Amino acid sequence: MITLHTTLGDITLQLFADKAPKTVANFIEYAKSGFFDNTLFHRVIPNFMVQGGGMTPDMEQKDTQAPIENEANNGVKNTRGSVAMARTNDPHSATAQFFINLVDNDFLDFRNETMNGWGYCVFGEVTEGMDIVDKMSGVKTGNHGYHADVPVEPILIESVTITED
């Protein structure tokens with residue numbers, strides 16, 4: 001279990017090491033190193049998702065490890081409360097940033113191994129604190145540089161706790 005201690009409250013995640021082993025190992029490595037500490041939920045889009053895990057409070061992108069292989073072909077869907085890896089248009093570009101689905105986003109699911117079909121790898125789900133995620137979805141957002149949908153009042157991941165199951 002992973003607990004994200006945010007400025008709005010705690011969010012507990014159950015990770016699917018059996019379904020996305022490389023993604024889960026990557027996420028745990030970032031968490032153990034303190035990478036997520038004092039990073040923002042920097043992208044909030046109501047009725048879609050909240051994204052975090054890579055931006056400093058000054059909206060500077062943190063340096064990451066090498067990208068990981070996309071494991072979205074694992075059969076796990078982007079449903080409400082699921083946690084998935086954010087990435088660029090390159091299907092195998094995910095590093096540290098992740099998002100929590102606010103609704104069922106089936107258009108993000110794996111369809112096939114093409115540029116447009118890979119989808120976004122779900123590697124966990126919120127088990128406690130979905131009320132906190134929903135609270136995030138209601139905050140006022142604006143632009144910050146070339147970033148849109150940025151919360152006006154910063155929402156920080158203050159720290160992360162890892163507990164063995």
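The chain carries 11 positive and 23 negative side chains, with the centres of the two sets 5 Å apart; Lys and Arg count as positive, Asp and Glu as negative, and His and the chain ends are left out. Each charge is placed at NZ of Lys, CZ of Arg, CG of Asp or CD of Glu. The model is predicted, so local features need pLDDT of at least 70 and side-chain atom pairs pLDDT 80 or more, whereas totals for chains, interfaces and linings use all residues. Residues are numbered from 1 along each chain as its sequence is written, and side-chain values use heavy atoms, without hydrogens and water.

User: In which strand is the place of H42?
Analyst: Strands (E, at least two residues) and helices (H or I, at least four) are DSSP runs numbered from the N terminus. The chain has 2 helices and 10 strands. H42 falls within residues 39-45, which form strand β3.

User: Does H42 count as buried or exposed?
Analyst: Buried means under 20% relative accessible area, exposed over 50%, and partly exposed in between (1.4 Å probe, protein chains only). The relative accessibility of H42 is 6%, so H42 counts as buried.

User: With which side chain does the side chain of H42 make a polar contact?
Analyst: Contact means heavy atoms within 4.5 Å, and beyond four places in sequence H42 touches residues including M55, Q97 and D149. A polar contact is a pair of N or O atoms within 3.5 Å; within protein, one must be able to donate a hydrogen and the other to accept it, and residues adjacent in sequence count only if both atoms are side-chain atoms. At 3.2 Å, the partner of the H42 side chain is that of Q97.
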